[in-house]
Amino acid sequence: EDGISEGLIIEQNIITGNGAFGGAGINLASVRRSLVRNNLIYGNDAAGIACWDDAYAEATGVPASPFGCDDVTINNNTLIDLAGGRGALILNQGASNIGVFNNIIVRDRFDAYEVAFNSGTNLRSAYNAYFAQFIEESEGSIILDTNPQSGSLTGFTVQEALAQFV
């Protein structure tokens, strides 16, 4: 009844054409102690991967959600979208203890990689490639990608990234 899923391994999927009504390619609402790796996610209108609490905090009016994603590792995924109404990788509404490593996030948006609304506590993030990272209402986040030693590549356009795939 709590909607929490644990111990998932989501890997080696090709996901496309999602999000016309707002849904992410991989929706990790209330997922715990799980691994998301080696997925190709492209051509989505909304997020490619969303780690959140299924809007529990917003719907109930509580400041922090007990149902946010926790202890999820997101590794070696490729998210490519020429356009879209949201960022490609979204950690929000209580996502904590998340590891984000070696992902390619291709979307020309200020929030291509978003950490928002009480998320990012104990976030470990490095060796990713993305246009921009957006952090909002997530004080205390540990964002290793802002450290030059993180090994991450930022600030490229979709066209520049796609040219490297050829």
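Biologist: What radius of gyration does the protein have, against that of a compact globule with 166 residues?
Modeller: The model is predicted; local features need pLDDT of at least 70, side-chain atom pairs count only at pLDDT 80 or more, and totals for chains, interfaces and linings use all residues. Residues are numbered from 1 along each chain as its sequence is written, and side-chain values use heavy atoms, without hydrogens and water. The globule rule is 2.2 Å times the number of residues to the power 0.38, with the radius taken over C-alpha atoms. That gives a value near 15 Å for 166 residues, and the protein agrees, at 15 Å.

Biologist: How many helices and strands does the protein have?
Modeller: Both are DSSP runs, numbered from the N terminus: helices are H or I, at least four residues, and strands are E, at least two. The count is two helices and 17 strands.

Biologist: Which residue in β17 is the bridge partner of Ala129?
Modeller: Strand β15 covers residues 129–130. Its parallel pairing with β17 runs over two bridges. The partner of Ala129 is Leu153.

Biologist: How many nonpolar, polar and charged residues line the largest pocket?
Modeller: Ala, Val, Leu, Ile, Met, Phe, Trp, Tyr, Cys and Pro count as nonpolar, Asp, Glu, Lys and Arg as charged, and the others, Gly among them, as polar. The lining splits into five nonpolar, five polar and one charged.

Terms used. Pairing = 2+ DSSP bridges.
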